[in-house]
Every structure is written in C-alpha cells, then in structure tokens.
Amino acid sequence: MKIYNSYKDKLEEFKPIHKGKLNIYVCGPTVYNYIHIGNARPVVFFDTLRRFFESKGYKVKFVSNFTDIDDKIIQKAIAEDESELEISEKYIEGFLDDIKTLNCKTDYIKPKVTDYIKHIIEFIDELIKKDYAYNVNGDVFFRVEKVKKYGALSNRNVDDLKSGSRVDINPNKESPLDFTLWKKTSEGINFDSPFSKGRPGWHTECVAMIDDIFKEQIDIHGGGSDLKFPHHENEIAQSIALNNHRLAKYWMHNGRVSIKDTKMSKSLGNVILVKDVEEKLPLRYFLLSTHYRSPLNYDDEGFNMYIKEYDKLKTTIKTLFIKLELAEELTKVEVTDKEILALIKEFDGALEDDFNTANAITSLQSLLKIANVNVRKKPDYNYFNQLLKAINYMSYILGLDIEMERLSEIDKKMYHDWQIARENKDFKTADNLRTKLTNRGIL
C-alpha cells in the first residue's frame, strides 16, 4: 500500500507504527453552524479509509474532535440569544445527524475542547518550561523560530514568512510568526489557568488532545488542504518541541470543494448544507468520485449523474438479492470466478494506491455491468451469490452499502402474484402490488 505523505510531498509505502493497529486523527468541525458539502468531504473520505483498513484486519483507533470554544461560537450565541454550550451542543448533534445520513461511522472517539482544558493547560505549561513558549501579561505564545524544520509541511521558509508576514503586528510577540497558545480574555466561556483567565488557542487544541489520547506519535493525521498552514504546521511545531516527533508519521490532506468553479465558503454565502441535500448517499458517491487530493467542483448536472449511478447500484443489488431470495438460493459463498476476482483485486489495488476512490468506483461500475448482463440469462445461483458478495464488499468499503431484509413468505407470494399479473396484463392488480412492493423496499 502507498500513501501520499503531505509532510514529505511524495508517495510512500505505508507501514503502520504497530503491526495490525492503526491510530488516526482527523480535524473535526468548529461547531457554530451546520456543515456544508465541503466540510463533509474529509469526513466521507476518512470514513472510507477507515472502512478499508478495518476490512483488511487492522484494529483502528479513530479520533476526530469538536472545537466547541471559538469566537464564531460566541457570535452565534449572541445572535441566537443562547449560551455557547447550547450552540455547540446543537451543532454537534446536527453534525452527527448529517454524517449518519451520509452513512459515515459515528463510533469513534469525539473529544471536545471543553473536556480537555486541564490537559491543554498542562501541555502549554510544559512548553513554557522547555522555553518553547512565553507568557506576556497572560497571553502565551509559541516561539516558532526555535523549531528548525518549521514550514516543512507547507513548504514554506521561515525568512520568507517573516518578510511577507500578513500577521497583525502584536507588540507582545517576540516574532510576528509566534502564535497564541493561550488567550487572556473575559469574553465568552473562559477558564482559570496559571497564565490567566482565558481560553486555549486553536492551534494547541488538537495536538494536546492527540498527546493525551494516544500518548505517542500516530500513524495518520488528516484534514482539508486549507489546514496545512498554519494549523497543522503549528501542531507539528508543538509536537517537535514537546515530544521530539512530528505528531504523525503520515499527513493526508483532501482538496477543496468548489461550486461552479467558485470557492465554497460560509463567509461568501455560497454553500450547500448537507442537511439540505435530499439525495444523501448519491452525495457520498459524488464526494468520492474524484481522487481525494484533487479539487472537486459541484454543479447540478454532475451531481445528478451520481444520483443515477447510485440508483443503478441499488437496482442491481435488489435484483440479485430478490432473484436469490425467491429461488431460496441466497447463501454465503467463496468468490472463485476469475473475472469477479480480477475486479476485486483491481478495486483493492486502486485503494492501495493512495486511496484512489475514483478508480475503485470504476471497478464497482464494471462489476455492475457484468451483473446486469448476466442477471437476464439463465440463473446460475452460485454465480449470482458471488456477484452479490463482491458488489456488497465494494459498496460497503465506499459506504454505499444497501441493506436488504430477508423476504417473508408473504413478500415472496406478493412478488410472484405481481409477476403473474404483469404476464396476464392485469395492470390494475399489477400496479396495486407494485405499490405495496415498492413501499416494502422490494422494488
């Protein structure tokens, strides 16, 4: 398996730190609003990555945080006349509801900043003791220039950053590049600390959580490409200062989502909220349709194509399943057919090549074509079972899996009666039965 390591800016062979185990951290949302489809892209991608690793026998420890302290949350609380905690809990619940509809797993560790204040304070205090951070009137800053490899992730030179710095001049900083670890403030939720009454800076939250939860360097740290600088760069700097490692062995970043070739941004107001998209699994299909590192452009025409593609997947699975159920031939089988095995190998190979979901989808679509051609022929139930098993395997990894309930005897009789009515051109009875079968999810 190969993964493109953003830190080294190249494709590398993947070797886990611990055999058979995998530690993954993905930066989560700041919870002041519902997520848009751009926010959903890393959630969907890393959920797919997790599914693939687990299917290969890895024990995955997956963590993604909630930033529930932030200026934007304070502003939202004022605007909606609610407390900050009410706002954050509302949008945490909204986030989890949204990703469930995208068929993303939610059984992972979900740390909140408010639950990690004690450790964040201890983390900052250690950086001060090691002389990597300094306190000025209650504000604590990190000494960027003490970290020799600062800028390695984003390929930036410290001298260039200083000369071209757009950071607001702060007379309390030793260098304009130094970033805030602790902010002295009486605004919004704040906490007592040895430094001042205030709250942590954004760049120290994730690294402190990783330090406490994993207590070692992790395998993969992920997030959107917009987080490379300064957020992830600053996480790495703190980890090097305190623990002498770059926090993660592999750094993975997904490309941004645009709408009609325009950058999608809440500040610009050109966002599509996940909760407002009716076709949720086709949205997941669409978000995986392009290699994760490439930008993805949304338009209605392109999205409609994946609504149709998802319908094809659903129809094929249902057709195979029902044929096997009606014949009472649905069984567990080993895939032995060479053509099906070749496509499974091709599918796995695409994901082992830096998680190329676009090519993996091509393998799935090739398998669907084979199934649709053969399902019309004389039934070969062992072959049908192999096709269904392979399709279910691929669709599960991609998070497009469709669960089918076993048919009852009543269902089977209704289906047979529907077929007879169609053959006899008893359209009224056929239409009535079709409606019942459709409502039961059989058609």
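**Rings and their neighbours**

Author: Lysine 275 lies over the face of tyrosine 34, at 5.1 Å from the ring centre, and in this predicted model arginine 51 likewise lies over the face of tyrosine 396, at 4.7 Å from the ring centre. For rings that meet other rings, a pair is described by the distance of the centres and the angle of the planes. A search of the whole structure finds 23 aromatic pairs, and one of them joins tyrosine 132 to phenylalanine 142, whose centres are 6.1 Å apart with planes at 20°, so that this pair is stacked, as the angle is under 30 degrees. Tyrosine 132 belongs to the loop between α4 (117-129) and β5 (133-136), while phenylalanine 142 belongs to strand β6 (residues 139-142), and the pair thus links distant parts of the chain, ten residues apart. Phenylalanine 142 counts as buried because its relative accessibility is 0%, where the cut-off is under 20%, and tyrosine 132, with a relative accessible area of 18%, is buried as well.

Phenylalanine 142 also pairs with phenylalanine 179, and because their ring centres are 5.1 Å apart and their planes stand at 20°, this pair is stacked too. Since phenylalanine 142 lies in strand β6 and phenylalanine 179 in strand β7 (residues 179-184), the pair ties together parts that are 37 residues apart in sequence. Phenylalanine 179 is buried, its relative accessible area being 6%.

Elsewhere, one aromatic cluster is formed by Phe14, Phe45, Phe46, Phe52, Phe53, Tyr58, Tyr250, Tyr292 and Phe355.

Technical notes:
Residues numbered from 1 in each chain as written. Predicted model: local features only at pLDDT ≥ 70, side-chain atom pairs only at ≥ 80, totals over all residues. Heavy atoms only, no water. Phe/Tyr/Trp six-rings, centres within 6.5 Å; stacked < 30°, edge-to-face > 60°. Helix = DSSP H or I, 4+ residues; strand = E, 2+ residues; numbered from the N terminus. Buried < 20%, exposed > 50% of the residue type's maximum accessible area, 1.4 Å probe, protein only. Lys NZ or Arg CZ within 6 Å of the ring centre and 35° of its normal.
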